[in-house]
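Please have a look at it first.

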Amino acid sequence: MAAEFLLLAHSHGVAFLDAVTDWRARVPLAGTPDPRFGSTFQGWFGGTLPARPLELALRLPGASERAIVAWVMPPGGPVGHLVEMVPGPGGAPQPKVNPAYVEVLREWRGRGPVVSMIRGNEHALTMLGRFPPYDFVDPEVPGVAAGVPVIDEGLLERYVTPWTDMVFHPLELARRDTGNRALHVPPPPPREKAEGARHLEEMGELVRQFGFVPERLRLKWYRRYCRQLRARLECIGCDVLEAPPQALTPEGLLREEFAEGLTHGNRRYGELVAAQVDAWIAGPAA
Amino acid sequence: MTTPYDGQPAHRFWKASSRGADATAAGFDAGRKFAFAKADLFAPAGSCFAQHFARELAARGGRVLATESRHPLEPADAALGYGVFPARFGNIYTARHLRELLEQAFGERDPVRDFVLREDGRWVDQLRPRAVPAGFASRAHAIADRDHHLTAVRRMVESMGVLVFTLGLTETWENAPGGYAYPIVPGAVAGAFDPAIHRFANARVADVVADLERVVALVAARNAGARVLLTVSPVGLAATAEARSVMVSTAASKGILRAAADELVRSHAHVDYFPSFEIITGAWARGRFWAEDLREVSAEGVDAVMAAFMASRLPELAGSSPSPAAPSASPGTDPSDAFAAALDAACDERFLDRS
């Protein structure tokens, strides 16, 4: 059975993997119990994941079994960055490509779409109250807090661009080297009640120190990140999913029943994303 | 025979005063009602000359209030307009403009939302068109920022110890249907002049007095301990909308403003006047404090005013030398040229004279 697509997955791909693949049967995660994470991410940092993509069964409801090739990459694992931004000759950051990634793309050339669930936590620090209170205008999130400075939204691009670099450059390479369709799945929106998260993942100490900014501000940063990312990826012919609406509150936050830890979606969320990815795979070719 | 003039101090006599080596020796501020302490919190506002007062006061160790400051997420860019006045209201040339600003800040009138789109795609608040040179990213941002700005103005009034208001002009352009005044005629900096809605108004003494009385009342209602120090800007009009010489209009405006200030000082124990105008423009100065254009004040003139102010009003800091706050100059540039350039840059009225 030919693999249908190449999945590039960091932690935000785990929800999808848990929902519709047999990845845990193929790659048992092991490691010292980590109280920062729930059961989903136990062993994620244990270093037992292979450094190369592996073929997985894809089991969508009501469909016969299919196959995908998935490259699952925890941070600090054997793969490292797919593309890293490093200072160039003039000091400006420039992309440095992981040779292993080049090889994977070469092997995948002509075989099918590339689906990306990489990165996605770069904007997460904005949820913390590290700065004096502020707000900014966002076209998708109405309202501005009273009594706080209003940051010029035009100034925010300088903060968001480096975050989008981390997704853009790997996918630009994927589009160029494989010639295949590409889809990026952004992380889920901020969860509805961040204060209610049992597992604060790697941000526990920061949360204790700074606390959270209001939900509306968290959502504004997320929407800004998604818009800027979408604009860059569409320029290279890469499609971008929107978060599944069934998982969202009317305001656009991630409903608690779809959340995993502070920043991730859970298996139920993964099911919704899987349906979206499947629809995109079946859609017209680019 | 004796008269009430006998035995009076020297500063009451022209002959003696005119021989004073500096403004202090000439006794310009001899009639002051009160002085200040170095702990007093100043809120300067007013015409372009007020910018220099604010900067020089801070440079000499005075405490200048800041209720609208750069947020850490914003770059240190002068185009954002921070650090010129306590809040980003820009130059306030007339008593009417100050009155209307305070009325908006305290909810006594609805916030004025008069925004225009600039050629570069940025939005400008016509009530403070040069206060934020970078403009605003969107109309929504301009509205939100104005609301925040009015909050900052409110906090300024509530927390200040001294409002120093430099009266600049009597001539103004108003939005007739909206019933509010602009700091400069629409079209000079941004937007377009529309004779159907933009109307010229030239305040009389009674108008300025009424506006200042309202300002004093608004301040007193929110900050009973705040004092008010009025000054009149010596800077002449760049242009007049009256059908007469700009020199004549200047004399008329300054005379009206000076008379109005005098009325307020006579009426309120906590309102006083500082004679910047007299120091610069009076015969004693022999014209030596004018810049090349005979309109702006030279660096020497600003120093003379500030030295007199500090000696008379802030004696605790009178011996302080100003920390380097002079406008930056490129190598080889005469610092006085750089200063003149900075003075010119501070003044909105320069946009009226395109010759």
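What you see is a predicted model, in which local features need pLDDT of at least 70 and side-chain atom pairs count only at pLDDT 80 or more, while totals for chains, interfaces and linings use all residues. Residues are numbered from 1 along each chain as its sequence is written, chains are lettered from A and ligands numbered from 1 in the order in which they are written, and side-chain values use heavy atoms, with hydrogens and water left out.

Let me start where the two chains meet. Chain A gives 18 residues to the contact and chain B gives 16 residues, where contact means heavy atoms within 4.5 Å. Between them the chains bury about 1,400 Å², of which 69% is on carbon and sulfur atoms; buried area here is the accessible area, taken with a 1.4 Å probe, that two parts lose on being put together, summed over both.

How many salt bridges are there between chain A and chain B? The count is 1, and it joins the side chains of A:Asp152 and B:Arg122, at 2.2 Å from N to O. By salt bridge I mean a side-chain nitrogen of Lys or Arg within 4 Å of a carboxyl oxygen of Asp or Glu. On the chain A side of this contact, β8 (150-151) and α4 (157-178) each supply at least two residues, helices (H or I, at least four residues) and strands (E, at least two) being DSSP runs numbered from the N terminus. Sorted by class, that side of chain A has 13 nonpolar, 2 polar and 3 charged residues, with Ala, Val, Leu, Ile, Met, Phe, Trp, Tyr, Cys and Pro counted as nonpolar, Asp, Glu, Lys and Arg as charged, and the others, Gly among them, as polar.

Turning to chain A itself, we find an open sheet of 6 strands in the order β2-β3-β1-β6-β9-β10, with mixed pairing; two strands pair if DSSP finds at least two bridges between them. At the edges stand β2 (54-58) and β10 (238-240) of chain A, each with a single partner strand, so one side of each has no neighbour in the sheet. From one strand to the next the twist averages 30°, where axes are lines fitted to C-alpha atoms, for helices over the stretch in contact, and angles run from 0 to 180 degrees between N-to-C directions.

Strand β9 (residues 182-184) of chain A pairs with β10(A) in the parallel sense over 3 bridges, and within this pairing A:Leu183 has A:Asp239 as its bridge partner. Across β1 (6-9), β3 (66-72) and β6 (114-117) of chain A lies helix α3 (residues 99-108), which runs at about 165° to β3(A).

Which residue forms a salt bridge with A:Asp138? The partner is A:Arg227, with the closest N and O atoms 2.7 Å apart. Since A:Arg227 lies in helix α6 (residues 215-235) of chain A and A:Asp138 in the loop between β7 (135-136) and β8, the pair ties together parts that are 89 residues apart in sequence.

In chain B, 3 strands form an open sheet in the order β7-β6-β8, with antiparallel pairing; its edge strands are β7 (180-182) and β8 (198-202) of chain B.

Finally, a word on backbone angles. Most residues other than glycine have a negative phi. A:Arg119, though not a glycine, has a positive phi of about 55°, and A:Arg119 lies in the loop between β6 and β7 of chain A.
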